[in-house]
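Subject: The structure we talked about

Hi there,

Here is the structure I promised to pass on. Have a look at it first, and then read on below.

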Amino acid sequence: MRRERGMVTAELMTIAPLGVALAFLLLWIVSLGLTQVRLADASRESARLLARGESTSSAQTAARRHAPDGATVRVTEEGGVVVVSVTVRSRLPVPFFSGVGSRTLTSTSVAARESP
């Protein structure tokens with residue numbers, strides 16, 4: 001009976017690193033999803049403003065307000081159609097693992113210019 005004492009503790013300690021890795025993986029996936037949603041909101045809002053006739057600078061300001069820090073906004077117009085692309089390098093929201101799993105995320109929205 002004494003030989004089995006502490007067996008559960010040893011088994012738990014072998015599984016604990018896997019649990020920590022799984023928690024970081026889930027945090028990374030949720031972070032990517034939230035960043036992508038913010039990018040989609042930013043590009044859609046900017047394209048909507050441009051379609052209504054707002055200036056390019058005000059549309060870019062609106063996109064930067066909705067997008068995560070460090071995002072770049074690119075606006076092009078071809079034949080009455082406005083295309084807005086917002087791009088950012090996503091990072092894991094943990095300071096000492098910020099470079100792990102970083103991805104470049106992009107969202108593009110298209111809108112037709114409204115006639116006055």
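What follows is a short tour of what I found in it.

First, some housekeeping. This is a predicted model, in which local features need pLDDT of at least 70 and side-chain atom pairs count only at pLDDT 80 or more, while totals for chains, interfaces and linings use all residues. Residues are numbered from 1 along each chain as its sequence is written, and side-chain values use heavy atoms, with hydrogens and water left out.

**Overall layout**

The protein chain holds two helices and three strands, and from the N terminus on the elements run α-α-β-β-β. Helices (H or I, at least four residues) and strands (E, at least two) are DSSP runs, numbered from the N terminus. Of the 116 residues, 28% count as buried; buried means under 20% relative accessible area, exposed over 50%, and partly exposed in between (1.4 Å probe, protein chains only). The accessible surface comes to about 8000 Å², and 59% of that belongs to carbon and sulfur atoms (Shrake-Rupley method with a 1.4 Å probe; for residues, only the protein chains shown count as cover). Among the contacts with a separation of 6 or more, 54% are between residues 24 or more positions apart, where contact means heavy atoms within 4.5 Å.

The three strands make an open sheet in the order 1-2-3, with antiparallel pairing. Two strands pair if DSSP finds at least two bridges between them. Strand 1 (72-78) and strand 3 are at the edges with a single partner strand each, so one side of each has no neighbour in the sheet. On average, neighbouring strands are turned by 15° against each other, direction ignored. Helix 2 packs on this sheet and touches strand 1 and strand 2, and its direction makes about 140° with that of strand 1. For such angles, axes are lines fitted to C-alpha atoms (for helices over the stretch in contact), and the angles run from 0 to 180 degrees between N-to-C directions.

Strand 1 and strand 2 are joined by seven bridges. They form a hairpin with two residues between them, and Gly79 in the turn has a positive phi of about 60°. If you want to trace the pairing by eye, Glu78 stands opposite Val81, Thr76 has Val83 as its bridge partner, and Val75 is partnered by Val84.

**The core**

Which residues touch the most other members of the largest nonpolar core? They are Leu39, Ala67, Val84 and Val86, out of 21 residues in that core. Helix 1 (7-51), helix 2 (56-66), strand 2 (81-90) and strand 3 (103-112) each supply at least two residues, and the largest share, eight residues, comes from helix 1. A nonpolar core here is a set of buried Ala, Val, Leu, Ile, Met, Phe, Trp, Tyr and Cys residues joined through side-chain atoms within 4.5 Å. Leaving out residues up to four places away in sequence, Ala67 touches Arg38, Leu39, Ala42 and Val86.

In helix 2, Ala59, Ala62 and Ala63 are buried. They cover an arc of only 100° around the axis, which puts them on the same side of helix 2; the arc is that of the directions from the helix axis to the C-beta atoms.

- Thr35 sits in helix 1 and is buried, with a relative accessible area of 13%.
- Ser109 is in strand 3 and counts as buried at 14% relative accessibility.
- Glu114 lies in the segment after strand 3. The C-alpha atoms of Glu114 and Leu50, 64 residues apart along the chain, are separated by 9.0 Å.
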